[in-house]
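Q: Please take a close look at one helix of this chain and describe what surrounds it, starting from the division of the chain into domains.

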Amino acid sequence: MNITIVGGGFAGVKTALKLSHDKTNQITLISDKPDFQYFPALYGTATGHSHLQSWVPLGTIFSSKLNVDVVIDSISEVDPTTKSLASKGGNVYHYDRLVLALGSVTTYFGIKGLDEFAYGIKSEEEIQKLKHHLYQAIAEEHEVEKQYVIIGGGPTGIELAAAMGQYIKRLCKHYKVPHGKVRITILEAMPRLLPKMSEKTSAKVKQRLEKIGVTVRLNEKVESASVDGLMVNGKPLKSHTVIWTSGVANNPFFTANTDHFELAKNGKVIVDEQLRTKDGIYVIGDNAATPFSGLAQTALHDAIFISKNIKRRRDGKKPKKYRAVLPPVVVPVGESWAAFEWHWIRLYGWPASLLRRAADLMGYHDILPLGQALGAWHAQIVVEDDYFTPTPKKSNK
Ligand SMILES: Cc1cc2nc3c(=O)[nH]c(=O)nc-3n(C[C@H](O)[C@H](O)[C@H](O)COP(=O)(O)OP(=O)(O)OC[C@H]3O[C@@H](n4cnc5c(N)ncnc54)[C@H](O)[C@@H]3O)c2cc1C
């Protein structure tokens, strides 16, 4: 059976791996980037740890899978009547069975200047830019920003804020730059951090952040950004390092092909109990309007579910119904402290940080063979030495 999968992220890669076990399947995996990105580790790479934890070439993942063709292309259109896909560059691909797993994109909610003046943390390019910016200021210009601002009090903003202080201090020590009092500030528009988690966890995490020197400002609405910083609740906030971790939206592919997809209020694709659209296209991971969409574990769960159903259909068996499963969430706050939450279970401190380490190992092993998974996992504690070598001259952003 010919199966085409679009998207080389958690959902797309896991589906391709699962389906590749059946040698009668011929799989084409189309992705616009050559690497699989392990998003939960990006903040670590941005703050001086090895990039090997954050991205793995798709070619490496599928090197031993002879029935998987990896194609690097950006898909822009789908036509279910001719069962074809078209790419931005004009290539056309025909499919028998189609899986869409294109992930989310960053949105700035229309806030003026953020796209130009804020750093992002959602891709390899954004991470490299941020890392070089932090490095250049300290190592080449011997300057430490008085205030580093992270917008967004969700898991990504918190993980990054906690790791950034240590990274900046390490750079300052290495380049003998006096750092005085570096302020790392999280701005959150809501009245509490981690609005999707319990109030108890929000309070514990806030306490922990403040203990390690991060300033948390709640009910702070960013109105605009400029070269000098931000306007927040009508007042200026000076900073040359503003990092946006806040908004995500569904991939614009679906609004561009709206004739073929019914969208929920949050912009995600409405799917049936087998994660399919009316045209029989599987839509999974962040793209699907399922209860726990937006998490890597849900993307993996979806991938395993549809792989089994594709096999059942081929074997003439009745496909199963989708059941959403609440994944546990662990938010690290620095190296040896984390907050864990799952149903009624709450855990804080180093035991939760051990759980996060275990979850990461399992996350890598979901995609990579054990040896490579251990390598990527170990890279989380390896300090990358690229800040000891010269970097390109300063860019505007
Ligand atoms: C910084 C960050 C930290 C996170 N931390 C966690 C965490 O700790 N725990 C957790 O559970 N979740 C976390 N998440 C969420 C998690 O990463 C996502 O839920 C997960 O990646 C969704 O998987 P996916 O396969 O649907 O999409 P993705 O993994 O985003 O994959 C989408 C793929 O599609 C490709 N693509 C996009 N458009 C096109 C196109 N037009 N043509 C071809 N290819 C295309 C992309 O390049 C990408 O390879 C985090 C997300 C971010 C951004």
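A: The domain assignment, whose bounds come from an automatic or database source, divides the chain into domain 1 (2-32 + 73-103 + 251-314) and domain 2 (107-247 + 328-388), and the centres of domain 1 and domain 2, taken over C-alpha atoms, are separated by 31 Å. This is a predicted model, in which local features need pLDDT of at least 70 and side-chain atom pairs count only at pLDDT 80 or more, while totals for chains, interfaces and linings use all residues. Residues are numbered from 1 along each chain as its sequence is written.

Helix α1 spans residues 10-20; helices (H or I, at least four residues) and strands (E, at least two) are DSSP runs, numbered from the N terminus. Helix α1 lies across β1, β2 (26-31), β5 and β9, running at about 165° to β2, where axes are lines fitted to C-alpha atoms, for helices over the stretch in contact, and angles run from 0 to 180 degrees between N-to-C directions. The open sheet has five strands in the order β5-β2-β1-β9-β19 with parallel pairing, two strands being paired if DSSP finds at least two bridges between them. Its edge strands are β5 (68-72) and β19 (282-283). Strand β1 (residues 2-6) is joined by four bridges to strand β9 (residues 97-100), and T4 stands opposite L98 in β9.

The axis of α1 also comes within 8 Å of that of helix α9 (residues 296-314), crossing at roughly 35°. The contact (C-beta atoms, placed from the backbone, within 7 Å) includes F10, K14 and L19 of α1 and L300, D302 and I310 of α9.

Conventions
Contact = placed C-beta atoms within 7 Å.
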